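Here is a short note for a colleague new to this structure. Please read the points with the model open.

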Amino acid sequence: MNKHFKKLLVPRHLEYLIIGGNWIILDISPGVGRFADCPDEVEPGKDVRTGFPELIGTEEILTAVLQAHQESFELKGIGRFSELTSPFYLDFYVNEYTADEESFEKKLIIFFEDVTEKMLLEQRLVQSTNESNLLVSALSHSKKYNKQIITSMADALIVTTFSGAIKIINKAAQNLFKYGEEELIGQPISRIIADRNFLNLVFQEKLLSNGELLKDIEVVCHTKAGQKIFVEFSCSGLQTDIENLKDFLYIGRDITERQRTQQRWGAQYATARVLSESATLEQAIPKILLAICESVGWTVGELWMVENEEMRMKHEEKILTSHLVGVRSQLLRCVEIWSRPAAVSTEFIEVSKQTTFAFGVGLPGRVWANRSPHWMSDVAKDVNFLRSQLAARSGLHGGFGFPILSNAEVLGVMAFFSREVQQPDEDLLQTMAAIGSQLGQFIKRKRAEAALFESEERYRELFENASDLIQSVTAGGHFIYVNRAWQETLGYIAEISELTVFDIIHPDCKAQWLQIFNRVISGEKIERFQAAFLSKEGKKISVEGNVNCKFVEGKPVAIRAIFRDITERLQAEAELRQEREQTERLLLNILPAPIAERLKQGASTIAENFAEVTVMFADIVGFTQIASYLSPIELVDLLNQIFSAFDRLSEQHGLEKIKTIGDAYMVVGGLPNRRADHAQTIAAMALDMQSAVATFNQENNQAFSIRIGIHSGPVVAGVIGIKKFIYDLWGDTVNIASRMESHGLAGRIQVSDASYQLLQECYLFEERGTISVKGKGEMKTYFLLGRKDQDCGEIAQIQGQNSVLGVREVTQRLVEQIEDKLRETFE
C-alpha cells in the first residue's frame with residue numbers, strides 16, 4: 001500500500017480504491033476486485049470506469065464531490081450477475097480524500113460494501129434515487145440546450161399564457177415586430193397580432209387540447225411603427241405544471257414579401273382574366289377595380305377618364321410644345337368607383353363623381369401629367385390631395401394612382417386608397433403600370449373593334465347589296481360567308497354548309513384554282529384572274545376578280561375573293577372576236593395585210609412607189625362564148641374553182657392578188673413587201689397556173705385555156721377613196737403587162753423583154769419576136785416555157801396541152817358544149 005494511504009482506517013467489511021481527478025486508479029484495497037464488473041481491470045493506472053462501468057455518466061457528480069461542491073456520492077444496490085454464481089449486490093460510497101495536508105492534489109476514495117443481504121429490501125429505493133439524480137442532471141442540460149435553440153432561431157417564437165399575456169419572446173420576434181423584450185413581456189399578444197379571428201381560434205378551449213396544432217396560418221400583424229406585415233404562424237398548446245392550465249407557443253415566419261408578390265400576381269392575373277371575359281370597357285372596369293382591391297387589400301378604387309377623347313395626351317415631345325395648352329384644357333372625370341361595404345362615406349363617393357381634375361392637379365392629374373404611377377403614404381395629410389378632408393373623415397390614408405397608357409397616350413387614370421398609412425411599394429407600382437398598359441391596349445382594342453363593327457356593318461350592307469360575287473372560305477375551302485349576289489348567281493343556298501369551294505369549281509379551272517389557292521395561302525395577293533364555277537343547275541359561270549388571304553398569328557384563317565360574273569361579257573367578247581376575225585379576213589381578202597393595218601391605224605390615203613415589181617395578167621380564152629351556153633350559177637361556180645386555185649397559188653408563192661375583172665386575174669410580185677425575186681415568183685406562179693387549169697379541165701371535162709402576160713417595171717400602189725376600198729396599181733408597167741396578156745396566144749405565157757432579162761438565167765424561153773403593141777408600138781416578146789432545171793418532156797407536155805387545146809381541141813370541145821346546150825334547150 002502506498003505510504004500516503006497507510007493511515008487510512010477502513011472497516012473490515014468494506015473495500016476501497018482511490019482515484020484522481022482524471023478517473024485513474026491510484027490505489028486499491030486487496031479485496032476490491034470482487035466488487036468489480038471486470039476484476040482484471042481494477043488496478044492502479046487504469047480508468048476506474050473500465051472496471052466499474054456504473055460510474056460512466058456520473059462524471060459531473062464525481063466532479064462535484066471532487067471540487068467539494070458535493071460532500072459525497074453513493075451508488076447503492078449495484079448487482080453483479082453470473083451464470084456460475086449467485087447474484088451479488090454492493091454499494092458505492094464516494095468521498096473526497098486528502099492523504100497529505102501538504103499535497104494540493106484532490107482525490108476521491110470509493111468504498112465498496114457488500115449489501116447483498118439487505119439489497120432485496122432496499123433495491124427499489126436505491127434504483128429510484130439513482131434515476132432521479134440522473135433525470136435532474138439531464139433536465140438541467142436540456143434546459144440549457146433548449147434556451148440556445150430558442151435564442152438562435154430565425155423564426156419568431158412567442159410563448160403566452162392561456163389568457164394571451166406574452167411570457168417569452170425570442171430575438172427574431174423582437175426584430176420582426178421592432179419591439180424590445182421588456183416592451184412585450186406581460187403585454188397581450190393582440191398588441192402585435194391584428195387578426196382577431198386567429199386569436200379567437202387559438203383561445204378556443206377545446207381546439208388545442210391533446211397537443212393539436214394550428215399550422216401555417218397567415219396572419220396580419222403590426223409592427224411598433226404601425227406598419228402592416230404578414231406572418232405565417234403555427235401554434236400549439238403547452239401543458240404547464242398546473243393541471244388543465246396551458247400556455248400557447250407561437251412560431252411565425254415573415255411572409256410579407258411573398259404575400260405582396262402573390263397579391264401583385266393575383267391582381268395582374270385577375271385583371272387579365274376580367275379583360276379576357278369582358279366584351280366592353282363598361283363591363284370590365286367594375287370587375288377590375290374589385291379584383292385589384294381584393295388582391296392587394298386596398299379599400300377604394302376609382303377610374304378617371306379624359307373627357308375630350310379627341311384631344312388626349314400624346315407623346316412626350318408634345319408636352320414640351322405649344323400643344324400643352326390644348327392638353328391642359330382637358331379634364332379628368334371619375335366614371336367608376338368601387339369600395340368595400342361601409343368602408344367610406346357616401347359623401348366621398350358623391351363628391352368624387354362630381355369632381356373633375358385638370359392636367360397636373362390632384363393625384364389623378366399628377367399621374368396624368370407625369371404619365372407614370374404616383375404614391376401618397378397618407379392622403380389625409382397631403383396638401384396636394386384636394387379631397388384630403390373627405391378622405392380623413394372616411395378614414396382613408398394610403399393612396400396611389402397609375403395611368404392607363406396606349407403608345408404613350410394617356411387614356412385615363414386609376415386611383416386606389418387604403419384605410420392604413422402605406423409606405424411606398426415600388427414593386428406594386430411597377431405591377432400597376434403593367435396593368436395600366438393592359439387596360440390601355442384593351443380600351444384601344446375595344447374602340448377599334450367598335451369602329452370595326454360599325455364599319456363591318458356598313459360593309460356588310462354594301463356586300464349584301466353588291467352585284468359582285470363575294471365569298472370567304474377557310475384554308476380547307478369551307479365557306480365562311482357568301483353574299484346575296486353569289487347565292488342568286490350560283491343557286492347554292494341551303495347546301496352551302498356542306499360544300500367546299502373545290503366542289504363547285506368548273507373542271508376546266510380546277511388545276512388553275514388550286515395553284516391560285518396555294519399562292520394566296522403563301523401570302524401572295526392575286527389580282528384580276530379569271531375562273532369558272534358550276535352553278536347548281538350545272539351551268540358554267542365565268543368570273544373575274546381578286547383573291548387575298550387573312551392571316552392571324554401567321555396562320556391563314558380566311559381566303560376572301562370578290563368576283564364579277566363575266567359569263568355574258570365573255571360570250572359577247574367571243575362573238576365580237578369572231579365577227580372581228582371575219583371582218584379581218586374579209587379585209588385581208590380585199591387588201592394586203594400591211595395596207596389593212598395602216599388603214600386601221602387611221603391612214604386616209606395610201607400611195608407608195610415601187611421601183612421593181614412584176615405584174616401578171618391572166619385571161620380565160622373564149623370566156624364570152626362559154627358564158628353564152630352556161631347558166632350564171634354554173635359559170636360563177638366554174639370561175640370560182642379556177643380563181644380559188646389561183647388564190648391558193650398566190651398565197652403559196654407569197655404574191656399579192658390585186659383583183660379579178662370578169663374572167664381576168666391580176667397578180668403582182670414585189671409589193672407591198674419588197675422582194676428581189678419578184679420576177680421569179682411570178683414566173684413560177686404562171687407555170688403553176690397552167691398546170692392548175694389543165695388539172696381542172698381533166699377533173700371537170702372542160703376545155704378552158706388561159707392567156708398570161710408578164711411585165712416588170714415600176715408602179716404606184718395604194719388605196720384611194722372613202723368607200724369600197726381596193727388596193728390597186730397604176731403606171732405603164734400595169735398597162736404593158738395587160739397588153740402582154742391581150743396580145744398573147746391561148747395557152748401561152750408571153751413575157752416582155754424587161755421580164756425576160758430578169759428570168760433568162762433560170763427559165764427557158766421561146767423568142768416570139770417583135771410584135772406591135774397597142775399604144776407602145778413595136779416590142780420584142782418571149783414565151784415562157786419552164787425552169788431550166790425542169791424536165792424537157794414535162795415542159796413539152798405542158799406546152800402541148802395548152803397549145804393544141806388552144807388551136808383545135810378547145811374549139812372542138814366548145815362546139816360540143818354548144819350543141820349539148822342547144823339540145824337541152826329544145827328537149
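1. Contact here means heavy atoms within 4.5 Å. Leaving aside neighbours within four places in sequence, Phe646 is in contact with Tyr665, Met685, Met689, Val693 and Ile706.

2. This is a predicted model: local features need pLDDT of at least 70, side-chain atom pairs count only at pLDDT 80 or more, and totals for chains, interfaces and linings use all residues. Residues are numbered from 1 along each chain as its sequence is written, and side-chain values use heavy atoms, with hydrogens and water left out.

3. Phe646 also belongs to the largest nonpolar core, a set of 39 residues. Such a core joins buried (under 20% relative accessible area, 1.4 Å probe, protein chains only) Ala, Val, Leu, Ile, Met, Phe, Trp, Tyr and Cys residues through side-chain atoms within 4.5 Å. Met616, Phe646, Met689 and Ile708 touch the most other members. Helix 21 (residues 678–700) gives the largest share of this core, 10 residues. Helices (H or I, at least four residues) and strands (E, at least two) are DSSP runs, numbered from the N terminus.

4. Which residues of helix 2 (residues 59–66) are buried? They are Ile61, Leu62, Ala64, Val65 and Leu66. These buried residues pack against strand 3 (72–80), strand 4 (88–97) and strand 5 (107–114). Just after helix 2, Ala68 takes a positive phi of about 65°.

5. Asp155 sits in the loop between helix 3 (116–152) and strand 6 (156–160). Not counting residues up to four places away in sequence, Asp155 touches Asn170, Ala172, Ile251, Gly252 and Arg253.

How values were computed
Buried means under 20% relative accessible area, exposed over 50%, partly exposed in between (1.4 Å probe, protein chains only).
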